[in-house]
Amino acid sequence: MKNTSLLLCLFVSTLLFSFSLTMASEPKAYMVYMARAPDGVDPVTYHLNALSKVFGSEDAAKSSVIYHYTDVVSGFSAKLTPEQAEELKSVKVSQPYSLYDPGQQL
């Protein structure tokens, strides 16, 4: 009986651990603020260029985008995993940008 309880406890712990790893990689909405696109460059193209470097293709980048901000501010919101958000921070573009994590307190 003791072995069964220990085995059950180990099984539940493993299950919870694997579930937490899966949840950590779930995409969530991020807002990325960028400087204005250089003169003559379409803002949406500028945003997708940065995002494509993380996703590996423009089609994948387009499918992750929720909205492009082009009037008052420049940037976009997209569904990213925490790993993709970290990778996006290191993408080199001609203008600086910042990443806002909605789970982060301001």
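Analyst: A residue is called buried when its relative accessible area is under 20%, exposed when it is over 50%, and partly exposed in between, with a 1.4 Å probe and protein chains only. This is a predicted model, in which local features need pLDDT of at least 70 and side-chain atom pairs count only at pLDDT 80 or more, while totals for chains, interfaces and linings use all residues. Residues are numbered from 1 along each chain as its sequence is written, and side-chain values use heavy atoms, with hydrogens and water left out.

Helices (H or I, at least four residues) and strands (E, at least two) are DSSP runs, numbered from the N terminus. In soluble globular proteins, nonpolar side chains tend to be buried together.

Leucine 51 shows how the parts meet: leaving aside neighbours within four places in sequence, leucine 51 is in contact (heavy atoms within 4.5 Å) with Ala61, Ser64, Val65, Phe76, Ala78, Leu80 and Leu88. Helix H4 (residues 82-89) has Gln84, Ala85 and Leu88 as its buried residues. Seen down the axis of H4, these fall within an arc of 105° (taken from the directions from the helix axis to the C-beta atoms), so they line one face of the helix.

Strand S3 also holds serine 77, which is buried at a relative accessible area of 5%. Beyond its neighbours within four places in sequence, serine 77 is in contact with residues including Tyr30, Met31, Val65 and Tyr69. The C-alpha atoms of serine 77 and valine 65 are separated by 6.0 Å, although these residues are 12 apart along the chain.

Turning to charged pairs, a salt bridge is a side-chain nitrogen of Lys or Arg within 4 Å of a carboxyl oxygen of Asp or Glu, and by this rule the count comes to two. In one of them, lysine 89 pairs with glutamate 86, the closest N and O atoms being 3.1 Å apart; being three residues apart in helix H4, lysine 89 and glutamate 86 are separated by about one helical turn. Lysine 62 and glutamate 58 also meet in a salt bridge, at 3.3 Å from N to O, and they are four residues apart in helix H3 (residues 58-64). Glutamate 58 is partly exposed, with a relative accessible area of 43%, and lysine 62 is likewise partly exposed, at 44%.
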